[in-house]
Amino acid sequence: MRRAGDRIARRAVLLLSGLALYGVSTALLVRAGLGTDPWTVLTQGVARTTGLTLGLVVVLVSAAVFLLWVPLRQRPGIGTLANAVLVGPVLDQALRVLPAPQPWPWRLLFLLGGVVGTAVATGLYVGAGWGPGPRDGLMTGLARLGVPLLVARTLIEASVLVGGWLLGGTVGIGTAVYALGVGPLVAFFLPRLALRPDEPDSAPDRREATATARSARTGRPWSAAGRVRDHQTNPGRLRRERHAGHCPRQ
């Protein structure tokens, strides 16, 4: 039970830190003024048209995307809902703190920081394993209907990019840098930041992982699940292992 609680806590930390970093990274892209990712271009356009804050528009756009999940039979997870609710407020707060740099070196630094930060943030919140973001779920939902994922992503992001640009969103070199760089960066960070299903969280888990590796070498069921399955069919072995001190009482 304690191990399960520790694991839930670690997933929550990954999720919340990833979403917070995502909001800050988006703010860096906006403050750079060189163009942002397609969804933020749309958000900027809607914000400039309606007079709402950028963060509030992020929340409203996420809610609208959720409506598109219904015909796609997509089910949101905890991470999906948290993404929709938390990124917008963090974005607004970050925009209040971050200055708008004028010299080109600083603007480029903000741009690169935003792109890399977005990739790290994606690795964190997706790595928590509690569901994709609203926009990612839209793409995967279309893919389930038979639309190739690359085609689905291209159509969706091209549509929101054009719509946002027509509404006054900022498109520029930063948009191209984001499009070319964020995919490879996410591919680099995600496997390194994700909480693996078999990742040990405490000393007992490390002993269990070691025992599992030993079982791969010897063929003996040293993992807890393996012992249970083996002892269900061989009760005599359970008694012998208990006597030898290899297996604790359940």
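Visitor: Which residues have the most contacts inside the largest nonpolar core?

Guide: Let's start with the general idea: in soluble globular proteins, nonpolar side chains tend to be buried together. In this predicted model, the largest nonpolar core holds 46 residues, and Leu-15 and Trp-39 are the ones with the most contacts inside it. At least two core residues come from each of α1 (2-32), α2 (38-50), α3 (54-72), α4 (78-97), α5 (104-127), α6 (134-144), α7 (149-166) and α8 (173-193). Helix α1 gives the most, with nine residues.

Visitor: What is Trp-39 in contact with, leaving aside neighbours within four places in sequence?

Guide: Trp-39 meets Val-61, Val-65, Arg-135, Ile-156, Glu-157 and Val-160.

Visitor: How many helices and strands does the protein have?

Guide: There are 11 helices and zero strands. Reading along the sequence gives α-α-α-α-α-α-α-α-α-α-α. Of the 250 residues, 42% are buried. To see how far along the chain contacts reach, take those between residues at least 6 apart in sequence: 75% of them join residues at least 24 apart.

Visitor: Now for a loop. Is Thr-36 buried or exposed?

Guide: Accessibility is the value to read here, and buried means under 20% relative accessible area. Thr-36 sits in the loop between α1 and α2. Its relative accessible area is 1%, so Thr-36 counts as buried. The Thr-36 side chain also reaches the backbone nitrogen of Val-41, at 3.3 Å. Not counting residues up to four places away in sequence, Thr-36 touches Leu-29, Val-30, Val-41, Gln-44, Thr-170 and Thr-175.

Visitor: Gln-44 is in that list. Where does Gln-44 lie?

Guide: Gln-44 is in helix α2. Its relative accessibility is 6%, so Gln-44 is buried. Again leaving aside neighbours within four places, Gln-44 is in contact with Val-30, Thr-36, Leu-54, Gly-169 and Thr-170. Val-30 and Thr-170 are also among the residues that Thr-36 touches.

Visitor: Is Val-162 buried, partly exposed or exposed?

Guide: Between the buried cut-off of 20% and the exposed cut-off of 50%, a residue is called partly exposed. Val-162, in helix α7, has 47% relative accessibility, so Val-162 is partly exposed. Val-162 and Pro-38 are 124 residues apart along the chain, and 8.3 Å separates their C-alpha atoms.

Visitor: Which residues of α6 are buried?

Guide: The buried residues of α6 are Pro-134, Arg-135, Gly-137, Leu-138, Met-139 and Gly-141. Their cover includes α2, α3, α4 and α7. Just after α6, have a look at the backbone of Gly-146, which takes a positive phi of about 110 degrees.

Key:
Residues are numbered from 1 along each chain as its sequence is written. This is a predicted model: local features need pLDDT of at least 70, side-chain atom pairs count only at pLDDT 80 or more; totals for chains, interfaces and linings use all residues. Side-chain values use heavy atoms; hydrogens and water are left out. A nonpolar core is a set of buried Ala, Val, Leu, Ile, Met, Phe, Trp, Tyr and Cys residues joined through side-chain atoms within 4.5 Å. Buried means under 20% relative accessible area, exposed over 50%, partly exposed in between (1.4 Å probe, protein chains only). Helices (H or I, at least four residues) and strands (E, at least two) are DSSP runs, numbered from the N terminus. Contact means heavy atoms within 4.5 Å. A polar contact is a pair of N or O atoms within 3.5 Å; within protein, one must be able to donate a hydrogen and the other to accept it, and residues adjacent in sequence count only if both atoms are side-chain atoms.
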